[in-house]
Amino acid sequence: MKFTLSWLKDHLDTDASVDEIVEALTDLGLEVEEVVNPADRLADFTLGKVTHAEKHPDADKLRVCKVATDEGELQIICGAPNAREGITVVVCKPGMYIPGLDLTISVGKIRGVESFGMMASERELELSDEHDGIIELPSGEVGDRFVDWLAENEPSKVDPMIEIAITPNRPDALGVAGIARDLAARGLGTLKVRDYVPVPGDFESPIRVTIDDDTLDGAPHFTGRLIRGVKNGPSPQWLQDQLKAIGLRPISALVDITNYMTFDHNRPLHVFDADKVQGNLRVHRAEGGEKLVALDEKEYTLQPGMMVISDDKGPESIAGIMGGEETGCTAETVNVFLESAFWDHVQIALTGRALKINSDARYRFERGVDPEYTLEGLEHATQMILDICGGEASNVVEAGKAPVHARAYKLDAARVQSLVGMDIPESEQRQTLTRLGFRLDGEMAHVPSWRPDIMGEADLVEEVARIASLTKLQGIPLPRTTAGIPKPVMTPTQRRQSMARRTCAALGYNECVSYTFIDQASAALFGGGDETTMLENPISSEMSHMRPDLLPGLLQAAARYQARGYADLALFEVGPVFHDGEPGDQQTQITGLLVGRNGPKDVHGASRPVDLYDAKADAEAVLAAIGAPAKAQILRGGDAWWHPGRHGKICLGPKKVLGVFGELHPRVLQAMDIKGPAMAFTIWPDQVPLPRKSGATRSALELRDLQAVERDFAFVVDADVEALTLVNAAAGADKALIEDVRVFDEFIGGSLGEGKKSLAITVRLQPSEQTLKEKDIEAVAEKIIAKVTKATGGVLRG
């Protein structure tokens, strides 16, 4: 919505500056998108007077002028035919920017004679297209600012233009009068109310109007009148200036008046050439297939149900959107029929979209116009036509009646404080609503007809707060429910997820956020894909099931990276997975994926392919960060998508699984289109026991001052016995004393015989109460031998 400052002042008596108006409009919710102030580009130019002018010694069409300025006399070379002694001109001095030429003027020589500036034409200052000569002013003193002279003598040329963004709920602001009403309510001036004075008719209109019964829901009210004897020439200069300033092209007086009313009062109108209308006008619905050439010179085929205005010959106007070319006004038009009607906004929107017509009339009608201004707008437009074009008006022709949208809501002054948090006196609230056009009857506020967005008591509060300015709202902290330090906002689970993300990022992983929906084939690879997790209304076939694991999403992301040339990847994700359709079947996972090498190749050979021990180390680091116990068992028996011999479960017992790490099964990688081996880890943070103490303080650091003891054992076991089984058995011999068990050697063959191997382990004993004596060490050693023998069937190697 565009308007000029002078246009605004036609409705608002104000001394506020452009900056004050712009700030107030944005604060009122009418966001200012652009301000074009012609005075800004003319601020430096001053007036001068030519004291002497003579022919250039080396050019017939140039004159050497002496110009009196506020900085003394300047010599300026000018080629304008009207450059002569005694005229008052606009002086452009060296260093000034000339907007019409897009250059900064400097001192120069023209045919050997120096010129210290220029005298400007209107086109050079972007005032008009006139460039036959320089600007010649009838008044003004040397040194006066040119913008001050224009503001006093030709204000339209320095009239600021303001453009605001209109939200769909504020159709009243699509008219300058509505904008002025908001500013007046804010206190930036006094609203000028135009009196409603009906224009008396001198005769009966020969053109009558009817509305079909099936069309009354879309066209409840139609008014019009015949004006004969008009002269449709150019519109007055003030009207042309207003329209040009907002980007409209003046066409003729009649058309310009309807455009003016559209932007002035948000009242679209249409003018028919009455001599081209055959018979009477009828508002009805199209049967379908009718054709009409509109004012934009395009032919439109009407669809069944669209509202049209027809004469006895056929359709002449697309109701509420655009008139027809055949009955349009021209310079020869003498008699006109002026239409002002109210149309249903939904039906106008549907017709406009179907025909792909964008017009100012459609833009306003589909957002809503004032139903009670239909007849009044007709009277105002009639008076403008009589004043500008002459002629005489008939009596008003009216069909239907204005729809009743009257409603009232209770004004509860206390709700402003409860809903907005602003303390506004009740008297100020009532005054604000009165200025906005509401009629107050006791506690009831009757909504004006031009405000379709007011639909409840909360809207009244919003209007009061909007006018009072929400910038005055002061932040007040909420009262604490309990005294002292407030409890943490995040739950332990949320804190663990946050810490897991930070740890993974610190380890060099990049976080992924993938959809919780995946395709059935990928879900089936990871134990899902059945009917219990299938979506009833999937986005696409590739998002048909809830994911049973985070690995499918990470593997799909890795495949896309590999397809684009990224071979070395470290990705992780934290999110929910689903094993059934019930709420309790949802779990949180922390999953990391490693593909490729652990770093770029270098001359030292430090780069190597990632292995399961990388995934194990990262999984243990994440577990430590979220508070998992330091001691845990590594067991076999992972899910089918893990490599059967290259993975391990991190457990606190046979049934308490904290996570799993290892290499993914080649069959899964092939199905997911992953090149090369891939390592991964998955952690279930909800399975990690919560700490016994919930305080924020850390426990005291325990340092052992007693010397640790290491003993080596070598056991001969069957070749198929896993080293992990032996390690777990040895570690369980004395959990309080044994700190660590490590395999340091494996021997196969030799004197051991067929089907046997030797596994050597180091057991570290860390006492906490007293130094270990030899008998204590021997007792633990016997326990270790017994445990390993029972678990593996092995014997101590001699």
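Me: Why is Phe715 called buried?

Reply: In this predicted model, Phe715 has a relative accessible area of 0%, and because buried means under 20%, Phe715 counts as buried.

Me: What makes Phe713 and Phe715 a stacked pair?

Reply: The ring centres of Phe713 and Phe715 are 6.2 Å apart, with 15° between the planes; since rings pair if their centres lie within 6.5 Å and planes under 30 degrees apart count as stacked, the pair of Phe713 and Phe715 is stacked. Phe713 is buried as well, because its relative accessible area is 9%, and the cut-off is under 20%.

Me: Which parts of the chain does the pair of Phe526 and Trp641 link?

Reply: Phe526 is in the loop between helix H15 and strand E32, while Trp641 is in the loop between strand E35 and strand E36, so that the two are 115 residues apart. Both Phe526 and Trp641 are buried.

Me: How do you know that the span of helix H16 agrees with its number of residues?

Reply: Helix H16 has 13 residues, 551-563, which at 1.5 Å a residue should span 18 Å, and its end C-alpha atoms are 18 Å apart, so the two values agree. Among the buried residues of H16 are Leu551, Leu554 and Gln562, and H16 is followed by Gly565, whose phi is positive, near 95°.

How values were computed. Residues are numbered from 1 along each chain as its sequence is written. This is a predicted model: local features need pLDDT of at least 70, side-chain atom pairs count only at pLDDT 80 or more; totals for chains, interfaces and linings use all residues. Side-chain values use heavy atoms; hydrogens and water are left out. Helices (H or I, at least four residues) and strands (E, at least two) are DSSP runs, numbered from the N terminus. The expected span of a helix is 1.5 Å times one less than its number of residues. Buried means under 20% relative accessible area, exposed over 50%, partly exposed in between (1.4 Å probe, protein chains only). Rings of Phe, Tyr and Trp (its six-membered ring) pair if their centres lie within 6.5 Å; planes under 30 degrees apart count as stacked, over 60 as edge-to-face and the rest as tilted.
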